[in-house]
Amino acid sequence: MEYVLETKNINKHFYKPKDFHVLKDISFGVKVGEFASIMGKSGSGKSTLLYILSTMDTDYTGELYLNHELVTGRSHQELSRIRNKHIGFVFQFHYLLSEFSVLENVMLPAKKLNEKSHADIKRDAMQKLEMLHIDYLAQQRASRISGGEKQRVAIARALINNPIILMGDEPTGNLDSQNSDNVFNIFKRLKEEEGLSLLVVTHDEDFAQRTDRIIQMEDGRIIS
Ligand SMILES: Nc1ncnc2c1ncn2[C@@H]1O[C@H](COP(=O)(O)OP(=O)(O)OP(=O)(O)O)[C@@H](O)[C@H]1O
């Protein structure tokens, strides 16, 4: 089986205010081209797990593999590069820089990666915006577009370095049903047309039901 992401026995504790075993022996994988969702009650550990999977949190035991390579134990600098190059992340809030244009926002992670010329990055960013049907917003300031548009720009930005997996933490949490549907359809299209792998934490039952697989969490464990 070809996995883009795999974990082996991930455990995590929070020690303040008292010892709390938040993630218990999490072992699972996301297959290449799979669109998986994570559901579970508030407090079951979904966000905590996603922050480990996205390499933002390194305070755990167990192993994390991306493209079959062990990521656990790498230096802060290496992780920052792995994250920027291989993982796209979409949050509930868009985190766009409001004073920058839409195009500049999308270009930023590629600028940081520093592997391509300015012209190439600009061309790639325009292509992502076209793919999401928001290329007409390229020169607009990020502060001046709607919530649904901002989330689509955030998706374009998450895709600029052609990640191997796109992760989302409640990416439709701030959107109305029409815009949530838009985001779902974009994700579905990325899977079907680009072969992208996706892993999305959501409270939206409707959204989760339409993904390939629901990973159900309860009290820090995966129960199904
Ligand atoms: N920094 C922290 N210190 C101590 N406990 C924490 C910390 N962060 C989270 N927790 C606790 O860990 C548990 C899991 O939190 P987490 O945010 O992963 O849950 P979740 O399933 O994503 O919840 P929600 O659906 O509400 O976002 C919760 O009980 C939370 O209170």
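Tutor: Helices (H or I, at least four residues) and strands (E, at least two) are DSSP runs, numbered from the N terminus. The model is predicted, so local features require pLDDT of at least 70 and side-chain atom pairs pLDDT 80 or more, while totals for chains, interfaces and linings use all residues. Residue numbers start from 1 along each chain as its sequence is written.

Student: Which residue just after α1 takes a positive phi?

Tutor: The position lies just after helix α1. Its phi is about 70°, and the residue is threonine 55.

Student: Is serine 42 buried or exposed?

Tutor: Serine 42 lies in the loop between β3 (35-40) and α1. It has 7 other C-beta atoms within 10 Å, so serine 42 is exposed.

Student: Which element supplies the largest share of the shell around the ligand?

Tutor: A residue is near a molecule if its C-beta atom, placed from the backbone, lies within 6 Å of it. Residues surrounding the ligand include Phe14, Lys16, Gly43 and Lys46. β2 (20-31) and α1 (46-53) each supply at least two residues of this shell. The largest share, three residues, comes from α1.

Student: What is the relative orientation of α5 and α6?

Tutor: Axes are lines fitted to C-alpha atoms, for helices over the stretch in contact, with angles from 0 to 180 degrees between N-to-C directions. The axes of α5 (residues 147-159) and α6 (residues 177-194) come within 10 Å and cross at roughly 20°. Angles under 35 degrees count as roughly parallel, over 145 as roughly antiparallel, 65 to 115 as roughly perpendicular and the rest as oblique. The crossing angle therefore makes α5 and α6 roughly parallel.

Student: At roughly what angle do the axes of α3 and α4 cross?

Tutor: Helices α3 and α4 are oblique to each other. The axes of α3 (residues 102-113) and α4 (residues 118-131) come within 9 Å and cross at roughly 125°.

Student: How far apart in space are serine 42 and glutamate 218?

Tutor: In sequence, serine 42 and glutamate 218 are 176 residues apart. From C-alpha to C-alpha, their separation in space is 9.2 Å.

How values were computed. Buried ≥ 20, exposed ≤ 12 C-beta atoms within 10 Å, placed from the backbone.
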